[in-house]
Structure formats: C-alpha cells, structure tokens
Amino acid sequence: MASDYDRLGALKAFDDTKAGVKGLVDAGVTTIPSIFHHPLPIEHTDHDHHFTIPVIDLAAATGGTTTTPSKRTELVAAVKAAAETVGFFQVVNHGVPKAVMSEILAAVRGFHEEPAEAKAPYYSRDLGRPVRYWSNFDLFQSPAAQWRDTLYMETTPELPPPEEIPPACRLIALEYARLMQQLGRTLLELLSEALGLRSSHLEEDAACLERLAGHYYPSCPEPHLTLGTTRHSDPCFLTVLLQDAVGGLQVLLKSSAVWVDVPAMEGALVVNVGDFLQIVSNDRFKSVEHRVVAQSTGPRVSVVCFFRRQDAPTSTRVLRPIVADGEARFRSTTMAELIRHNRAKGLDGSSALQHLRL
C-alpha cells in the first residue's frame, strides 16, 4: 500500500509540473524516475528479421496516374493482402505533399520545444477540451508511464477554432487535417472493396478524422527501462501515421512472435488496421499490436490520425462482424463499450479484443 501511495504521489507531482517528459530532459535527468520503469522485461526486437512492411502505391486511387479497372483491382488486392497479413502498410503517392508533411512535423516539434510556461495553458486532462496537451493519456491507469508527450486536436464534429490551436501549429494543422480526411476516405473505399462491399460501406461508420495527435519522444538516458509507447492496438477503424527519420516504431509479427521495425521511409505514410475494423471484418483484417521503443537518440516526432465516428465514445452504433462464411469470431459490441474498455485499462500491454472473442 505504501509503495502504491508513493507512486500515486510521484505521478501527481509529475503531472502537476505541466512540463511533461520534455521537462525532465530539460532539467538534465540522467536516470529516469521509477514511474517510467516497466515492470516486465521489454521484449526483444529482431533487427535481422527479413520481413518487410508492404509499400503500396496509391496513384491509381488518388489521381496520380490514369486509373483503369485493372489498376484499381490490383490496388485493392494489394491493400487486402496487407490488411489480412501484417495489418500494417506504408503508402506512397497518397496525395499529401512532402512540403506539408515536413511542415506539420516541424510545427509539432516546435510546439513541444517551446518553454514550459508557453505550453502550460494547453495542459489538461479534460476530454471535453478540443485541443489539449499532456503526457500520457493513461498516466494514472497504466502500470508504467511512457516516455512521450502529446498535443491532441479533436477534429469532429468540426475542426477547432484556429485561436484554440497553439500558434506553432495553427495553419498547418488545419491544412493537414483536411488532406488526411481525403486520404482516409480513399483508404476506407479500398478496404470496403477488399471486403467485397460497396466502396462507401465503411465510410458510413468510419470516414471521420476523429483526432489528430502530435507525439514527441525526447531522447531517453535509460531506454532499456521504459518505452515510448507501450504495446497496444488502436481503438478505431483506421490509423494513418507520419513519422520522422528517427524511427522507433515496431510491429508484432504474430506468426513468429517477434518485434520488427517499421522503417522511416521518406514521403511515405504508415497505415494500420484498428480494432473496430478487425471486428467488422470478422478477423479477416488484423489490428496488429505495435509499440514505440525509447531511444537515446532523438527527439522522435510523429503525427497520428485516427478514423472513427465523431460520436464514437458515446455511440450506441453496434460493431457487428460481417460473416461471409463460417461463424462470427467476435461478439457484437458498441463503439462506446470498446472505448470505455480501452480507457479503463490504458496501454497495459494486453489485447483490447480478447474479451470479445467467441
């Protein structure tokens, strides 16, 4: 009990600084606080594994080339194969200019590297605030804190007023969100067709860019003791990630139970299937677990976009497996139930879908 009490006090003291992990680094820490120590050994990464994350050219769907029925069929087949196997793929010719990608990464880094007093007004755990900055959304739920700070921007039911967005990110965040909305719609059309459904099927439930998150992973003096982001899957239909050149993102290959790197590829965006889509696809598409390792180099900066209904946290809309043949692999659930389950457990390293399996 005493140790639990002491840990809670340490968590509150850290949170009260409103300076995040970046504040610890700025203070010159050479050993990380115990609240960041992960209780279990951090699983080994197989850097020599020969598996490669698929790279898919979206030109046939984004207007980058002349579209023909055969090119569309090939593209849908490539997306289907990636979603059914690893659940992760990188996309190029996606319609987002490289200049915009560079600018949003620079803007997110710029915000996180501002003085603590400039960031403090945005620091909040109030989920009702459309724009907020914090360190670890699950700081008080997870077994260990993660070496990461985040700027969140809710993008539904509408984009936040510009004056609520930090000046460093204001203009580019709105432009990037607009482009991501277009890309999300394209990806959901391809995934719908890959399931043998009409192209607009998934868009009806998932085409909203519900949240944009700008993550900042400072360099860590003891990376063997913690993680940037703990093992998890995403409670949404689809996630699109922009990462800088530092790297650190890894995906768990269930077939061989090893962690492999998702390489930083210039001009590419990383796409992964979320839990909602694994349920709806009846286990055909894989919401694979992934993590970000802490590193002595850095900072690492990434921008993550999550696609799900704008009212997902309160929605009574049922997620029901589409059974093409055989039997349902999951029990039906609501979006709200699954989100509540995720928030309650935090990023604790356990599968968010296991309690739904039949």
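Modeller: The side chains of E84 and R284 form a salt bridge, with N and O 3.8 Å apart. Please bear in mind that this is a predicted model.

Biologist: How many salt bridges does a search of the whole structure find?

Modeller: The search finds 15. One of them joins E193 and R72, at 2.6 Å from N to O. Since E193 lies in helix 7 and R72 in helix 4 (residues 69–84), this pair ties together parts that are 121 residues apart in sequence. E193 is partly exposed, with 26% relative accessibility.

Biologist: Are E210 and R308 buried or exposed?

Modeller: Both residues are buried. They form a salt bridge whose closest N and O atoms are 3.3 Å apart. E210 is in strand 5 (residues 209–217) and R308 in the loop between strand 12 (300–307) and strand 13 (318–319), so parts that are 98 residues apart in sequence are tied together. For residues 208–311, an unreviewed UniProt entry gives the feature "domain: Fe2OG dioxygenase". That span is 6% helix and 45% strand, and its end C-alpha atoms lie 10 Å apart.

Biologist: How should I read the nonpolar interior?

Modeller: In soluble globular proteins, nonpolar side chains tend to be buried together. In this model the largest nonpolar core has 88 residues, and Y176, M180, L187 and L269 have the most contacts inside it. Helix 7 supplies the largest share of this core, 13 residues. Another core, of twelve residues, lies apart from it and includes L11, V21, I35 and W147.

Biologist: Which residues is M180 in contact with, leaving aside its neighbours within four places in sequence?

Modeller: Those residues are V96, L209, V240, L269, C305 and F307.

Biologist: What is the reach of helix 7 from its first C-alpha to its last?

Modeller: Helix 7 (residues 170–194) has 25 residues and reaches 36 Å, close to the 36 Å expected at 1.5 Å a residue. G196 follows the helix, with a positive phi near 80°.

Note on methods
Residues numbered from 1 in each chain as written. Predicted model: local features only at pLDDT ≥ 70, side-chain atom pairs only at ≥ 80, totals over all residues. Heavy atoms only, no water. UniProt positions renumbered as here; feature names shortened; annotations may be inferred. Helix = DSSP H or I, 4+ residues; strand = E, 2+ residues; numbered from the N terminus. Expected span 1.5 Å × (residues − 1). Core = buried A, V, L, I, M, F, W, Y, C linked by side-chain atoms within 4.5 Å. Buried < 20%, exposed > 50% of the residue type's maximum accessible area, 1.4 Å probe, protein only. Contact = heavy atoms within 4.5 Å. Salt bridge = Lys/Arg side-chain N within 4 Å of Asp/Glu carboxyl O.
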